Amino acid sequence: MSDEQLPDAVEPMPTRSKIIAGLVGCVVLLAAAYMMLRVSSPAIRPDQVAPAGHYSLPCGVCHTLSPSAPAIKVVS
């Protein structure tokens with residue numbers, strides 16, 4: 001066998017390109033997960049009280065805030 005490369009051989013992807021592609025992939029996955037969270041969380045009123053044991057983040061991180069949203073009954 002010979003060690004010479006064939007003219008149509010594909011060179012391997014450089015490590016730097018692999019790292020950048022991995023970081024871009026992670027950002028895309030995080031953005032998709034955040035959008036799924038926003039879509040699956042119901043719209044709430046800005047003055048809505050959070051239920052007991054709810055996350056301590058501001059409501060606008062996960063929910064769409066709308067004054068015309070129906071009030072959600074909260075069990076404390």
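## Overall form

The radius of gyration used here is taken over C-alpha atoms, and the globule rule with which it is compared is 2.2 Å times the number of residues to the power 0.38. In this predicted model, the chain has a radius of gyration of 24 Å, whereas a compact globule of 76 residues would have one near 11 Å. Taken along the principal axes, the box that the C-alpha atoms of the chain fill is roughly 75 × 25 × 20 Å. As for secondary structure, the chain contains 2 helices and 0 strands.

## Nonpolar surface patch

On the surface, a nonpolar patch is formed by Y34, M35, L37, Y55, L57 and V61, which together have about 600 Å² of accessible area. Helix 1, spanning residues 15-40, contributes the most to this nonpolar patch, with 3 residues; M35, a member of the patch, has its place in helix 1.

## The cavity

When the whole structure is searched, 1 cavity of 30 Å³ or more is found, and the space in the largest cavity comes to about 40 Å³. Its lining consists of H54, Y55, L57, P58, C59, C62 and H63, and by class this lining has 5 nonpolar and 2 polar residues but no charged ones.

Technical notes. Residues are numbered from 1 along each chain as its sequence is written. This is a predicted model: local features need pLDDT of at least 70, side-chain atom pairs count only at pLDDT 80 or more; totals for chains, interfaces and linings use all residues. Side-chain values use heavy atoms; hydrogens and water are left out. On a 1 Å grid over the protein atoms alone, a cavity is a set of points where a 1.4 Å probe fits but cannot get out, and a pocket is an open set with protein on both sides within 12 Å along at least five of seven lines; lining residues have an atom within 4 Å of a point. Grid points are joined across faces, edges and corners, and a volume is the space filled by probe spheres set on the points. Ala, Val, Leu, Ile, Met, Phe, Trp, Tyr, Cys and Pro count as nonpolar, Asp, Glu, Lys and Arg as charged, and the others, Gly among them, as polar. Patches are made of residues with over 30% relative accessible area and no salt bridge: like charges are joined within 9 Å, nonpolar side chains (Val, Leu, Ile, Met, Phe, Trp, Tyr) within 5 Å. Accessible areas come from the Shrake-Rupley method with a 1.4 Å probe; for residues, only the protein chains shown count as cover. A salt bridge is a side-chain nitrogen of Lys or Arg within 4 Å of a carboxyl oxygen of Asp or Glu. Helices (H or I, at least four residues) and strands (E, at least two) are DSSP runs, numbered from the N terminus.
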